[in-house]
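Let's walk through this model together, from the overall make-up down to single residues. Keep the viewer open and follow along as you read.

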Amino acid sequence: MRSRNPTDTCKLMGRLLMTRRHKMQRIQSFKLGWQLLNSEAKHLSISPSSLRKYSHGPGSFGLLFDIDGVLVRGRTPIPGAKQCFRNLVDRKGRYKVPVVFVTNAGNCMRQTKAEQLSHLLEVEVSAEQVMLSHSPLRMFTQFHNMCVLVSGQGPIKEVAENLGFQNIITIDMLRDACPLLDVVDHNRRPKGYVPEDKSLPQIDAVILFGEPIRWETNIQLIIDVLLTNGKPGSALGPLQYPHIPVLACNMDLLWMAEAKNPRFGHGMFLVCLESAYKKITGYDLQYEALIGKPSVVTYNYAELLVRKQAESLGWTGPVETLYAIGDNPMADIYGANLYNRYLQACQRARTRLQAKGSGKEAATSEEPPAMTSKELGGVSGMYGIEERLPESCRSVLVCTGVYSRDQQELPPDPDCTVTEQHVFHGHRDFRLDPSLTQPSFLVQDVREAVELVFQQEGCPLE
Ligand SMILES: [Mg+2]
């Protein structure tokens with residue numbers, strides 16, 4: 001099945017070169033997508049009544065809230081969350097500082113999540129304040145005209161259309177067109193005569209939005225698509241590797257609902273899919289992009305939403321500090337710290353550029369390792385594309401969700417991902433860097449987190 005002869009090696013080299021060229025093209029289209037998004041965001045509806053100036057103390061900062069395990073457990077609000085949000089708005093219900101909800105959930109629309117939050121927290125939450133794990137896909141315009149297979153649950157076709165995708169095939173549509181592919185559940189096997197597979201367009205890419213309901217169906221059909229180069233109704237030919245692009249949102253292995261112990265997240269589905277692909281082909285499943293916390297692209301997008309809100313609050317200066325409040329060390333804390341590292345790298349790049357312009361030598365300091373394109377969210381070489389970035393992003397860990405104070409420490413050796421005693425719950429393509437899992441602040445709950453942030457900024461919350 002695997003290509004091994006010299007002709008195939010040449011073909012593989014050719015494909016790798018093509019891949020490199022495509023990667024450059026993708027960076028270009030990503031930059032274009034980013035510019036589009038930026039110009040779109042300029043037109044976000046801002047009601048004239050909300051354009052008022054706030055005196056916001058000595059600092060200028062914004063808040064990023066994770067949702068599950070921080071504000072709610074399942075459908076139950078976490079004690080203190082409602083009071084905390086009452087304190088964050090004035091008498092007219094307007095926010096005192098920019099607030100964005102950054103969740104790795106992805107099986108719904110932003111508007112739906114905003115309505116749920118408004119109901120739970122008893123303050124007005126708009127769709128512009130919510131970002132789901134898939135929100136940055138709006139920037140991946142190079143995929144919007146391709147025929148994409150989408151995996152997840154909920155109104156996934158609507159979600160994909162809303163993000164800009166125009167040619168969408170769901171797993172159910174694929175099952176319907178090729179009824180012989182899904183046979184694990186005997187009750188769902190086709191009964192009686194099975195007609196020829198209906199023709200479907202060739203699938204160009206796979207987008208994994210979130211955990212599906214029937215894992216065995218999705219794993220089988222996605223792997224069929226990868227092995228047949230996007231033509232799952234046809235017989236297997238020589239293996240195409242690298243396979244067609246796969247983009248995945250939400251890498252959370254576990255998340256906290258109402259049960260006493262954490263539940264499987266989409267990250268667990270990815271582990272199963274990766275494992276099945278590797279077992280069958282001997283090759284690693286490759287991701288074109290990994291989106292959602294902890295990837296940097298997620299925080300780039302959240303920062304853009306914070307900036308737009310700051311403008312709508314009448315703030316004229318830049319937002320200098322972001323505080324990211326979360327319950328998951330591998331998603332929220334790792335992501336916020338990785339983004340902070342990215343902000344520092346952007347600052348160094350700008351300093352070097354300025355020094356070069358003035359003919360002076362920039363002072364060199366010890367730098368952390370360069371980020372991989374996976375950590376950045378599927379692109380590379382993006383340092384410094386934005387001029388008005390915050391100075392830092394600080395992470396605040398709460399103890400009301402996945403993390404508990406008595407849980408095991410992470411392994412000290414960065415090369416070690418799994419040992420008998422210690423387990424690394426991050427995604428396969430992210431490096432274990434123990435320093436990134438250490439929060440700037442550790443507090444009991446969200447109320448304490450917000451009070452601490454306002455104290456840090458020198459304007460205690462009333
Ligand atoms: Mg959480």
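This is a predicted model: local features need pLDDT of at least 70, side-chain atom pairs count only at pLDDT 80 or more; totals for chains, interfaces and linings use all residues.

Residues are numbered from 1 along each chain as its sequence is written.

The protein has eleven helices and 15 strands; helices (H or I, at least four residues) and strands (E, at least two) are DSSP runs, numbered from the N terminus. Of its 462 residues, 40% are buried. Here a residue is buried if 20 or more other C-beta atoms lie within 10 Å of its own, exposed if 12 or fewer, and partly exposed in between, with C-beta atoms placed from the backbone. Among the contacts with a separation of 6 or more, 76% are between residues 24 or more positions apart; a contact means that the C-beta atoms of two residues, placed from the backbone, lie within 7 Å.

Strand 13 and strand 14 (residues 392-397) are parallel and share six bridges, and alanine 324 has serine 395 in strand 14 as its bridge partner.

Is tyrosine 323 buried or exposed? Tyrosine 323 is buried, because 25 other C-beta atoms lie within 10 Å. Leaving aside neighbours within four places in sequence, tyrosine 323 is in contact with Phe61, Leu63, Leu64, Arg394, Val396 and Val453. Tyrosine 323 and serine 392 are 69 residues apart in sequence, yet their C-alpha atoms are 8.6 Å apart in space.

There is also an open sheet of five strands, ordered 7-6-8-9-12 and again with parallel pairing. Its edges are strand 7 (167-170) and strand 12 (289-291); each has a single partner strand, so one side of each is left without a neighbour in the sheet. On average, neighbouring strands of this sheet are turned by 20 degrees against each other, direction ignored. Strand 6 and strand 7 run parallel and are joined by four bridges. Together with helix 4, they make a right-handed β-α-β unit, right-handed meaning that, with the strands pointing away from the viewer, the path from the first strand over the helix to the second runs clockwise.

Now move to strand 9 (residues 246-249), which is parallel to strand 8 (residues 205-208) and joined to it by three bridges. Val246 and Ala248 point one way from strand 9, Leu247 and Cys249 point the other way, and all are buried. The chain gets from strand 8 to strand 9 through helix 6 (residues 215-227), in a right-handed β-α-β crossover. On strand 9, leucine 247 is the bridge partner of isoleucine 207 and also stands opposite alanine 289 in strand 12.

What lies between the domains? The largest nonpolar core has 105 residues, and those touching the most other members are Leu64, Phe65, Val206, Ala248, Ile325 and Val446. Domain 1 (46-133 + 295-425 + 435-456) and domain 2 (148-249 + 252-291) both give residues to this core, so it lies between them. Such a core is a set of buried Ala, Val, Leu, Ile, Met, Phe, Trp, Tyr and Cys residues joined through C-beta atoms within 7 Å, and the domain bounds come from an automatic or database domain assignment.

Finally, some backbone details. The peptide bond from tyrosine 241 to proline 242 is cis, with omega near 5 degrees, and proline 242 sits in the loop between helix 6 and strand 9. Asparagine 250 has a positive phi, near 65 degrees, and is buried, with 29 other C-beta atoms within 10 Å.

Key. Two strands pair if DSSP finds at least two bridges between them. Axes are lines fitted to C-alpha atoms, for helices over the stretch in contact, and angles run from 0 to 180 degrees between N-to-C directions.
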